[in-house]
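The tour goes stop by stop.

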Amino acid sequence: MYNNADEIKRTMLRWLQNGGIKFSKEEVAIGNEVLFGTKMRRADLLLISGGETHAFEIKSDCDNTKKLVEQINDYVLTFNRVSVVTGPKLLNKILTILPPDVGIILVDNSDVCTIRKARKIRHLDKEYLSLFLDKATAGKLSGMSRFSRYTIGEVRQYTIKHCSYHQLCEAVYELLYKRYRTLYSNFLDETEGYAYSNDELKILCWKCYPHKLWILQ
């Protein structure tokens, strides 16, 4: 039984790399503690592959489920697929409160089992997607003239209004893939694919995003 979310995360990372979930090995990136949403939440792990994002929220034996539904409501507005990863202690509770589109993965010691596969979320929220875009990316994507004169919030709102849903989805996927592919490549070089410490997991964290840019202004 696991009492530590980091232990679960390391086990999940190895499981993903060993093909626990099918994805394109030619196009794959994995992120750790990925910032998202208007409430600045963090996805514990994010798999980026084949044009889709799959986010994982980890609940260890030390966690509770009081805010889980609220958290998942933001996840499903942002990512193509969402799964909750937990141990035996919280499994039954989580099964009763999560919507059917959300996957459930059980980690018990070193064993990982998919209890319920995550379904693809058919429509994401354009505002939540736009929060991944920096000012320059959003301005160029929307064709906004002289975007440097405006706040990042104003540029994002212009992008939401003038870009199609599919344009925004493609731009966000490309940005996330490029960002985390570099980190994931560094992680593989440093660890040969196996993380045994929190410091090694931090290689997969993107540290360069100023929080003030995250808020819609």
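Is S49 buried or exposed? S49 is buried, because its relative accessible area is 8%. Buried means under 20% relative accessible area, exposed over 50%, partly exposed in between, with a 1.4 Å probe and protein chains only.

Some ground rules before moving on. This is a predicted model, where local features need pLDDT of at least 70, side-chain atom pairs count only at pLDDT 80 or more, and totals for chains, interfaces and linings use all residues. Residues are numbered from 1 along each chain as its sequence is written, and side-chain values use heavy atoms, with hydrogens and water left out.

**Stop 1: S49**

Stay on S49. It lies in strand β2. Helices (H or I, at least four residues) and strands (E, at least two) are DSSP runs, numbered from the N terminus. The side chain of S49 reaches the backbone oxygen of E27 at 2.7 Å. Show the contacts of S49, meaning heavy atoms within 4.5 Å. Leaving out residues up to four places away in sequence, S49 touches F23, S24, E27, V28 and Y173.

**Stop 2: N32**

Select N32, in strand β1 (residues 28-36). N32 counts as buried because its relative accessibility is 3%. What does the side chain of N32 make a polar contact with? The partner is the side chain of K9, at 2.7 Å. A polar contact is a pair of N or O atoms within 3.5 Å; within protein, one must be able to donate a hydrogen and the other to accept it, and residues adjacent in sequence count only if both atoms are side-chain atoms. Beyond four places in sequence, N32 touches residues including A43, D44, L45, Y180 and L201.

**Stop 3: S83**

Go to S83, in strand β4 (residues 81-86). S83 counts as buried, because its relative accessibility is 2%. Its side chain makes a polar contact with the side chain of H54, at 2.8 Å. Not counting residues up to four places away in sequence, S83 touches H54, A55, F56, E57, V102, G103, I105 and A118.

**Stop 4: the largest pocket**

The volume of the largest pocket is about 380 Å³. β2 (41-49), β3 (52-59), β4 and β6 (111-116) each supply at least two residues of its lining. On a 1 Å grid over the protein atoms alone, a pocket is an open set of points where a 1.4 Å probe fits, with protein on both sides within 12 Å along at least five of seven lines; lining residues have an atom within 4 Å of a point. Grid points are joined across faces, edges and corners, and a volume is the space filled by probe spheres set on the points.

**Stop 5: the aromatic rings**

How many aromatic pairs does the structure hold? It holds 6. Select F79 and F132: this pair is tilted, 6.3 Å centre to centre, with 55° between the planes. The pair links distant parts of the chain, 53 residues apart: F79 is in the loop between α2 (68-75) and β4, F132 in the loop between α4 (126-130) and α5 (135-142). Rings of Phe, Tyr and Trp (its six-membered ring) pair if their centres lie within 6.5 Å; planes under 30 degrees apart count as stacked, over 60 as edge-to-face and the rest as tilted. F79 is buried at 0% relative accessibility, and F132 is buried at 2%.

**Stop 6: two positive phi values**

Most residues other than glycine have a negative phi. Select N109, in the loop between β5 (103-108) and β6. N109 has a positive phi of about 60° although it is not a glycine. It is partly exposed, with a relative accessible area of 44%. Then select R146, in the loop between α5 and α6 (152-162). Its phi is positive too, near 50°. R146 is exposed, because its relative accessible area is 58%.
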